[in-house]
Every structure is written in C-alpha cells, then in structure tokens.
Amino acid sequence: MHWELELVFFSILIILALVALTVRNLLTAVVMLNVFSFLSALLYVVMGAVDVGFTEAVVGGGITGVFLVVLIFKTTRRSVD
Amino acid sequence: MKEAENNPIVSLIASIVSPFIMLFGLYVIFHGHYSPGGGFQGGTLMAASIILIRLAHSGQTGQLQFPATLNTPLGSLGVLIYYGTGLAALWWGGQFLNYAYLPLAQAISWRRSWGILMVEIGVGLAVMAILVSIFDDLLEDNSYD
C-alpha cells in the first residue's frame, strides 16, 4: 500500500482510540472501538497477516461489540443505593 | 432484558441474514486447514449468527433455534473431539496430536489433513457454544443483592 494511505489509516486509528477513551457516552465509545477493530483488521490484511485480520474483524468487530452493548444495557450510570 | 415487543422488520432481516452467516462460518471451518480461517474464526461466526437471532427475538422465541440447554453439552463435546483426536494418535503409537498415526487407511498427508479438520471441528463447536453461553449468562435476570 502507498505510505500516504497507511499514514492516514494510522492517524485515524489513534484518533479513534483517543475518542473512545475520552468520550462521555459509553455507546459512542463502543462504536469507536468497533471501528478501531475493523480498521486494524484492514491494516493486518494489508500487511499480509490475513488470518490475524480475519480474527480481529470477527471477534473485535462482531462479538465484542455485542457483549459490550449488552453490558451497557444491563448496567446503569448512577448507582441506586 | 427488557421485554420489548418484536420489531417485525428487525426480526425478518435477522432471520434472513442469520443462515448465511452460519453457512459462512461452516465454510471457514471446513476450509480452515488450507486457507485463512479455522476453528476459532468459524466458531465465532456461527456464534454471531445465533446471537443475532437472540438479539432480534426477545425472550423465549430466540431460544427456539438453539436452546440454552445445549450450550454446555456442545462445548464439552467440542473439547472432547479435540482431545479425542490427540488421544487417538497417542493410542495408535504416536505422540499426542501427531496426526500421522491416526487409524485411517490413507496416505500420511491425507491423514494429517483429516486430523487437522477434526481438530478444527472440535474447536469450532467449543467456541460457538461457549460464546453463546457467555451471551446467555450476560442476559440472565438474576439479582445477587
């Protein structure tokens, strides 16, 4: 891949991670992590590690997002006691 | 989970998409020994198809396709398939998981291919059942107060 495109992808990766860390809304953080996973999967595939990229896309983009959304759904922001 | 009424569009789309995800997961498992993918990825895809149905149909309806009571038996069966392949190789005179010693009437390279396929099936079953089990446990309504 051209190094300019790779630079753009890595910059977006860092921005996504920072947004996921700092944002108040937890659902937004989960979506940012999902996009992070898909983008890093794309980078793995470009670097030649197809197997690692596949695993990252399936686990990081699919299952982890569902589990985190369920956890947000089951918990509340403020404690009740 | 909160008892919301089923949205017909969401449940219809999930019902249409889910079998294709399951088929792709099976494809990934059964081609795992000579192309990218394998038991873990295929099992995760199959778990994703089952979890999609459970997300779209709330309550007991989502359990019709794959009831929660199957989780632990299937997970154990997957581990047993994996371990049994290794033990079969050990029993017939080789090392643990040395597929060349499996009792199949074929050339050694084919024996290795079938052995890897069996291990992949075991891993896929275990991963699928355990991921669905984690999802069910997360959604379980029990208060520990």
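**Where the chains meet**

Modeller: Happy to! Let's start at the meeting place itself: 12 residues of chain B are in contact with 13 residues of chain A, two residues being in contact if their C-beta atoms, placed from the backbone, lie within 7 Å. Please keep in mind that this is a predicted model, in which local features need pLDDT of at least 70 and side-chain atom pairs count only at pLDDT 80 or more, while totals for chains, interfaces and linings use all residues. As for labels, residues are numbered from 1 along each chain as its sequence is written, and chains are lettered from A and ligands numbered from 1 in the order in which they are written.

On the chain B side, the elements that give two or more residues to the touching side are helix 2 and helix 4 (108–139) of chain B. Helices here are DSSP runs (H or I, at least four residues), numbered from the N terminus. Helix 2 of chain B gives the most to this side, with 7 residues. By class, the side of chain B that touches chain A has 9 nonpolar, 3 polar and no charged residues; Ala, Val, Leu, Ile, Met, Phe, Trp, Tyr, Cys and Pro count as nonpolar, Asp, Glu, Lys and Arg as charged, and the others, Gly among them, as polar.

Next comes the largest nonpolar core, which has 30 residues. Such a core is a set of buried Ala, Val, Leu, Ile, Met, Phe, Trp, Tyr and Cys residues joined through C-beta atoms within 7 Å, where buried means that 20 or more other C-beta atoms lie within 10 Å of a residue's own (12 or fewer is exposed, in between is partly exposed). Two or more residues of this core come from each of helix 3 (50–74) of chain A and helix 1, helix 2 and helix 4 of chain B. Helix 4 of chain B gives the most, with 11 residues. B:V127 is among the residues with the most contacts inside the core. Leaving aside neighbours within four places in sequence, B:V127 is in contact with B:G39, B:F40, B:G43, B:T44 and B:A47.

Helix 2 of chain B also has a partner within its own chain. Helix 1 (residues 8–30) and helix 2 (residues 39–56) of chain B pack at an angle of about 170°, with axes 8 Å apart; the axes are lines fitted to C-alpha atoms over the stretch in contact, and angles run from 0 to 180 degrees between N-to-C directions. The two are therefore roughly antiparallel, a label for angles over 145 degrees. Their contact involves B:A14, B:I21 and B:L45, among others, and has 15 nonpolar, 7 polar and no charged residues.

The loop between helix 1 and helix 2 of chain B holds B:G32, which is buried, with 23 other C-beta atoms within 10 Å. Its contacts beyond four places in sequence are B:G37, B:G38, B:G39, B:G42 and B:E120. The C-alpha atoms of B:G32 and B:I116, 84 residues apart along the chain, are separated by 8.7 Å.

Back in chain A, helix 3 has a partner too: its axis and that of helix 2 (residues 26–46) of chain A come within 7 Å and cross at roughly 175°. These helices are therefore roughly antiparallel as well. The residues of their contact divide into 13 nonpolar, 7 polar and 1 charged.

Conventions: Angles under 35 degrees count as roughly parallel, over 145 as roughly antiparallel, 65 to 115 as roughly perpendicular and the rest as oblique.
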